[in-house]
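Please look through the chain shown below.

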Amino acid sequence: MTSETITADAAGTWKLGDLSVSRVGFGAMRLTGSAAFHHGTPSDRERSIAVLRKAIDLGVDHIDTAAFYFSATRSANELINTALAPYPEDLVIATKVGPFRAYDGEWGTSARPDQLRGHVEENLRQLGLDHLDVVYLRRMRQDSIAEHFGALAELREAGLIRHLGISAVEPRHLAEAQAIAPVVSVQNRYALDRPDPEADELLRLCGEQGIAFVPFYAVAGDAGEQGATAAHDDEVHAVARAHGASPAQVRIAWTLHRGPHVLAIPGTGNPGHLSENVAAGALRLTDEEAARLDAAREHTG
């Protein structure tokens, strides 16, 4: 694959409400350091800015971020604002609210419903926007999301938010949210090496309702916050060799193969990896290759 010449439109498009986006976007978590949050070494600022500008050059029109994406010296939202404002008209920026991190990086008590406006306004301030395209309620283990989601729905009515999503949820939470306001996307952990029947059910429900399903850690897998996994199944390596691709590209291609409503948001602070991630949108798995990868995933479980 010739990564440098392939742009995001090779993956096709999907809609987040009335906003059309390419199915390969960009996750901002890894902009701030070698691993997420305070786990790694803070990133070089100019390199992170260059990655963001290169993403736009490659046709990326969907960036996923959050105010709690920061390391000891870097803020993802501030980097996005510096690199890209004034923003391209077709750029969709999605944020998440609910979790809270103090300035020292420690996780604090997640937001009460009446505190979510402050979370939304902090994202607006950091990004330099007057409204947010998509805001996810990131569930923090609460049994019901109705009160929190209802608070975001009020902010949507007030014009601070254009569309709503939910994250880290179970299938029942989708119905709970949909009874309050339209949900345009669901963002859950989902990866080739992490079989999860509940997430598979959510993916199916989203497909039936025309809702985007947006996996996170699809490339990182079990490595999660630490970055991309180096542990790839033999079948992943075999498919990668057949396509002249990297294992990470195969993982992204498998993610997209799960349905036309599935979006990928791989993150990186490396310009070369960015090109490879975007180029993965052009990799088309055969049904036989997808079946082999699916079987390997089930075996993992």
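## Val-186 and the cores

Val-186 touches Tyr-136, Ile-166, Val-169, Leu-174, Leu-202, Cys-206, Ile-211, Ala-212, Phe-213 and Val-214, leaving aside residues up to four places away in sequence. Contact here means heavy atoms within 4.5 Å. This is a predicted model, in which local features need pLDDT of at least 70, side-chain atom pairs count only at pLDDT 80 or more, and totals for chains, interfaces and linings use all residues. Residues are numbered from 1 along each chain as its sequence is written, and side-chain values use heavy atoms, with hydrogens and water left out.

Val-186 also stands out in the largest nonpolar core, which has 75 residues. Ile-80, Leu-152 and Val-186 have the most contacts inside that core. A second, separate core has 12 residues, including Ala-94, Ala-212, Val-214 and Leu-263. A nonpolar core is a set of buried Ala, Val, Leu, Ile, Met, Phe, Trp, Tyr and Cys residues joined through side-chain atoms within 4.5 Å. Buried means under 20% relative accessible area, exposed means over 50%, and partly exposed lies in between (1.4 Å probe, protein chains only).

Phe-213 is one of the contacts of Val-186. Phe-213 lies in strand β9, residues 212–216. Helices (H or I, at least four residues) and strands (E, at least two) are DSSP runs, numbered from the N terminus. Phe-213 has a relative accessible area of 0%, so it counts as buried. Beyond four places in sequence, its contacts are Val-186, Asn-188, Tyr-190, Ala-199, Leu-202, Leu-203, Cys-206, His-261, Val-262 and Leu-263. Val-135 is 78 residues from Phe-213 along the chain, and their C-alpha atoms are separated by 14 Å.

Thr-95 sits in strand β5. Thr-95 is buried because its relative accessible area is 0%. It touches Thr-65, Asn-123, Leu-127, Leu-132, Val-134, Val-135 and Tyr-136, not counting residues up to four places away in sequence. Thr-95 and Leu-174 are 79 residues apart in sequence, with 18 Å from C-alpha to C-alpha.

## Loops and backbone geometry

Where does the backbone carry a cis peptide bond? The bond from Ala-85 to Pro-86 is cis, with omega near -5 degrees. Pro-86 belongs to the loop between α2 (76–84) and β5.

Arg-141 has a positive phi, near 70 degrees, although it is not glycine. This arginine is in the loop between β6 (132–138) and α4 (146–157). Arg-141 is exposed because its relative accessible area is 73%. Ala-168 also has a positive phi without being glycine, near 60 degrees. Its loop runs between β7 (161–167) and α5 (171–178). Ala-168 has a relative accessible area of 21%, so it is partly exposed.

Ala-102 is in the loop between β5 (92–97) and α3 (116–127). With a relative accessible area of 27%, Ala-102 is partly exposed. Its C-alpha atom is 8.7 Å from that of Phe-68, 34 residues away along the chain.

## Aromatic rings and charges

How many aromatic pairs does a search of the whole structure find? The search finds five. Phe-68 and Tyr-69 form an edge-to-face pair, at 5.5 Å centre to centre and 90 degrees between the planes. Rings of Phe, Tyr and Trp (its six-membered ring) pair if their centres lie within 6.5 Å; planes under 30 degrees apart count as stacked, over 60 as edge-to-face and the rest as tilted. Phe-68 and Tyr-69 are both buried. Ring pairs link Phe-68, Tyr-69 and Trp-107 into a cluster.

Arg-101 lies over the face of Phe-70, 4.0 Å from the ring centre. Arg-297 lies over the face of Tyr-190, at 4.8 Å from the ring centre. A charge sits over a ring if NZ of Lys or CZ of Arg is within 6 Å of the ring centre and within 35 degrees of the ring normal.

## The second largest pocket

The second largest pocket holds about 380 Å³ of space. Its lining has 18 residues, and Ala-67, Phe-70, Arg-101, Glu-122 and Gln-126 lie nearest the centre. β5 and α3 each supply at least two lining residues. The largest share, six residues, comes from α3.

On a 1 Å grid over the protein atoms alone, a pocket is an open set of points where a 1.4 Å probe fits, with protein on both sides within 12 Å along at least five of seven lines; lining residues have an atom within 4 Å of a point. Grid points are joined across faces, edges and corners, and a volume is the space filled by probe spheres set on the points.
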